[in-house]
Amino acid sequence: MPSANPVQYIQPINRHQWGQAEVADLFAQPFMDLVFQAQQVHRENFEPNQVQLSTLISIKTGACPEDCAYCPQSAHYDTDLEKEKLLPIAEILEAAQKAVDAGATRFCMGAAWRNPSDRELPQVLATISAVKELGLETCATLGMLKPEQAHLLAEAGLDYYNHNLDTSEKYYDQIITTRTYQNRLDTLQSVRDAGMNVCAGGIVGMGEDESDRIGLLRTLANLPTAPESVPINMLVKVPGTPLEDVADLDDFDFIRTIAVARILMPQSYVRLSAGRHEMNDQMQALCFMAGANSIFYGEELLTTENASSDHDRQLFDRLGISAEKAQR
Ligand code: SAM
Ligand code: DTB
Ligand code: SF4
């Protein structure tokens, strides 16, 4: 049934708009054909054996008013999480310096907010400027933004803003009820208008079906400008969240999602994001083969465990992958 409030898309003239059936045909190919095609697209646009490293930090943890069904930080669920107020700048800078020393080129600061308050934003702005001074690219994910807040973040030196669509418009109300799909698209537009790079992706393995994975990727690729960075997260099932017992997604369907993202958004970095801790090396290698060229690097994601940096370095060595160097 069509939604009561259809999402407003602003379409550029002359840009290919991916249709549902067209993307479904990509997904339906034999696995090897799909991965081969994705790898070809990847090689036309990127260094084939280079992966970009982003390090995450949670700068404000838990007690979030939103009800995102996957999220351990929502105040709606009892997840045994240690809440933390906004971290002092010095503590964030210490973590950022460690990220530089470990070889990351981007530092992504996440806050469990519905949106940043005008009271707390100034401290975040100062933090962003200080992190940038260390030579890192900066990224933040702070919830919904008003246009003027996006401009302040850009002025402070924020390179990327992460705001995920999470899933298809169709499946969205099964996952979140406290903000709309259109709210998310509006934030992405504000980020774009402020001149920042857009980081937007989603989560798979939340009980959605293939048409939802198609819908998510289509919406991202059909944006007036595709996001520069596209995180594809495998759901981390956290006890206490409504999705803790959802059925596993077939690994091959995850890899297909990466491959289709690569084909639909040839010039975007596709990030193999949450869920790597639970993936074996062969699975990760196939994700790189399918066109993933960025990872979250560091022992922790926001509140859950990530693959260890030692293990990542060993895996890169075994695969002949090198970490992308800083651009400046
Ligand atoms: N509160 C802000 C917001 O939601 O816009 C920023 C932080 S929020 C934790 C950032 C993103 O992390 C979410 O949009 C979601 O895509 C991802 N995420 C959260 N919990 C996850 C989980 N259990 N598994 C995979 N991804 C998750
Ligand atoms: C994104 O797409 N994934 C990251 C980042 N953007 C902020 C977050 C993953 C969170 C996984 C659950 C946790 O550690 O709390
Ligand atoms: Fe809050 Fe973000 Fe978690 Fe949703 S994903 S509950 S907005 S921290």
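A residue counts as near a molecule if one of its heavy atoms lies within 4 Å of it. The model is predicted, with local features needing pLDDT of at least 70, side-chain atom pairs counting only at pLDDT 80 or more, and totals for chains, interfaces and linings using all residues. Residues are numbered from 1 along each chain as its sequence is written, chains are lettered from A and ligands numbered from 1 in the order in which they are written, and side-chain values use heavy atoms, without hydrogens and water.

N162 has a polar side-chain atom 3.2 Å from a nitrogen atom of ligand 2. N233 has a side-chain N or O atom 2.8 Å from an oxygen atom of the ligand. T303 has a polar side-chain atom 2.7 Å from an oxygen atom of ligand 2. A polar contact is a pair of N or O atoms within 3.5 Å; within protein, one must be able to donate a hydrogen and the other to accept it, and residues adjacent in sequence count only if both atoms are side-chain atoms.

T141 lies in strand β3, residues 137–141. Helices (H or I, at least four residues) and strands (E, at least two) are DSSP runs, numbered from the N terminus. The side chain of T141 reaches the backbone oxygen of N162 at 2.9 Å. Beyond its neighbours within four places in sequence, T141 is in contact with C108, M109, G110, A111, Y161 and N162. Contact means heavy atoms within 4.5 Å. Is T141 buried or exposed? T141 is buried, because its relative accessible area is 16%. Buried means under 20% relative accessible area, exposed over 50%, and partly exposed in between, with a 1.4 Å probe and protein chains only.

Q73 sits in the loop between β1 (50–60) and α3 (89–102). Its relative accessible area is 6%, so Q73 is buried. Leaving out residues up to four places away in sequence, Q73 touches S58, K60, T61, G62, A63, C64, L81, A112, L302 and T303.

D80 is exposed, because its relative accessible area is 77%. D80 has a positive phi of about 60°, although it is not a glycine. Most residues other than glycine have a negative phi.

Now turn to ligand 1. Which of the 16 residues around ligand 1 come nearest? They are Y70, A111, N164, D166 and V236. Backbone atoms approach its nitrogen atoms at several points. A polar backbone atom of A111 is 3.1 Å from a nitrogen atom of ligand 1. For W113, a backbone N or O atom lies 3.2 Å from a nitrogen atom of ligand 1. For V236, a polar backbone atom is 3.0 Å from a nitrogen atom of the ligand.

D166 is found in the loop between β4 (160–162) and α6 (181–193). D166 counts as buried, because its relative accessibility is 2%. D166 has a positive phi of about 75° and is not a glycine.

T177 lies in the loop between β4 and α6 as well. T177 is exposed, because its relative accessible area is 59%. A polar contact of 2.5 Å joins the side chains of T177 and D67. T177 and N164 are 13 residues apart in sequence, and their C-alpha atoms are 15 Å apart in space.

Ligand 3 comes next. Its surroundings are C64, E66, C68, Y70, C71, S74, A112, W113 and R179. This shell divides into six nonpolar, one polar and two charged residues. Ala, Val, Leu, Ile, Met, Phe, Trp, Tyr, Cys and Pro count as nonpolar, Asp, Glu, Lys and Arg as charged, and the others, Gly among them, as polar.

Finally, look at V270. V270 is placed in strand β8, residues 269–272. At 0% relative accessibility, V270 counts as buried. Apart from residues up to four places away in sequence, V270 touches V230, I232, I258, A261, R262, G291, A292, N293 and S294. V270 and N293 are 23 residues apart along the chain, with their C-alpha atoms separated by 5.7 Å.
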